Amino acid sequence: MAELVFFTGTMDSGKSTLALQTDYNYAARGRTGLVFTRHDRAGEARISSRLGLETTAREADAGTDFWELIVAENARGNPVDYLVCDEAQFYSPAQVEQLARLVDEVEVDVFAFGITTDFRTRLFPGSARLLELADRTEVLQVPALCWCGRAATHNARTVDGVMVVEGEQVVVGDTGAVAAVVAYEVLCRRHHMRRMTRAAARQHAAVQEGRLDLA
Ligand SMILES: [Zn+2]
């Protein structure tokens, strides 16, 4: 029986590494798969992990119809056994439904990897649909850690070093003449709620100890 499995965790929990490992393991058993990603940090359609592993992938953009694509591959005599879908939080709910239909009607295994919530702590629409439809959801057990040492459960966005909790869910390229530096940091919920990033905590400590006068 094919399955739709959603592997999730925070940003540094090793999802892309597991996506690469999953593809490797199934390919080594002689199964044929396709690897998809979206907005990968490597720029091109590649899956790259923070440990340095990399593979080419197909870009799943807003117009990708997984159902049409895989049915067409099968019709051409290229049967697809499994899909590895990285950055699945960026897929649309309709695309997640296409994946579920492939599992049920074509017996394609689908392994989706993604974060659940954005920097505002809100579910991505694609992740919400995956949580609703997946046969199984696996929370990755590689613990990403907040600067305080607690398990990091939330993703924070910083703009020019300052944590923000409002803005577009997905930042798409540079739009202004002076591009702000957008970065991400994983935090525990307590420090996400207090907007206390590592840098903010350092500054706070320095002020407390009288080493830095902000006035
Ligand atoms: Zn913390």
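This is a predicted model: local features need pLDDT of at least 70, side-chain atom pairs count only at pLDDT 80 or more; totals for chains, interfaces and linings use all residues.
Visitor: Which residues coordinate the zinc ion?

Guide: In this model the donors are Cys146 (SG), Cys148 (SG), Cys188 (SG) and His191 (ND1), at 2.1 to 2.3 Å from the zinc ion. Along the sequence, these donor residues follow the spacing C-x1-C-x39-C-x2-H. Cysteine 148 and histidine 191 lie 43 residues apart and link distant parts of the chain. Cysteine 148 sits in the loop between strand S8 (136-139) and strand S9 (154-159), while histidine 191 belongs to helix H5 (residues 189-193).

Visitor: What is the geometry of the site of the zinc ion?

Guide: Four tetrahedral donors ideally make angles of 109.5 degrees at a metal. Here the angles among the four donor atoms run from 97 to 117°, and the site is tetrahedral.

Visitor: Is histidine 191 buried or exposed?

Guide: The cut-off for buried is under 20% relative accessible area. Histidine 191 counts as buried because its relative accessibility is 9%. Cysteine 148, with a relative accessible area of 31%, is partly exposed.

Visitor: What is the order of the strands in the open sheet?

Guide: Strands of a sheet pair through backbone hydrogen bonds, in a parallel or an antiparallel way. This open sheet has three strands in the order S10-S9-S11, and the pairing is antiparallel. Strand S10 (162-164) and strand S11 (182-187) are the edge strands, each pairing on one side only. From one strand to the next, the twist averages 45°.

Visitor: How many bridges join S9 and S11?

Guide: S9 and S11 pair over six bridges, in the antiparallel sense. As one example, threonine 158 has alanine 183 in S11 as its bridge partner.

Definitions and conventions:
Residues are numbered from 1 along each chain as its sequence is written. Side-chain values use heavy atoms; hydrogens and water are left out. Donors are N, O and S atoms within 2.8 Å of the metal (3.2 Å for Na, K and Ca); water is not among the atoms, so sites may look incomplete. Four donors count as tetrahedral if all angles lie between 85 and 135 degrees; four count as square planar and six as octahedral if opposite donors are over 155 degrees apart and all others between 65 and 115; anything else is irregular. Helices (H or I, at least four residues) and strands (E, at least two) are DSSP runs, numbered from the N terminus. Buried means under 20% relative accessible area, exposed over 50%, partly exposed in between (1.4 Å probe, protein chains only). Two strands pair if DSSP finds at least two bridges between them. Axes are lines fitted to C-alpha atoms, for helices over the stretch in contact, and angles run from 0 to 180 degrees between N-to-C directions.
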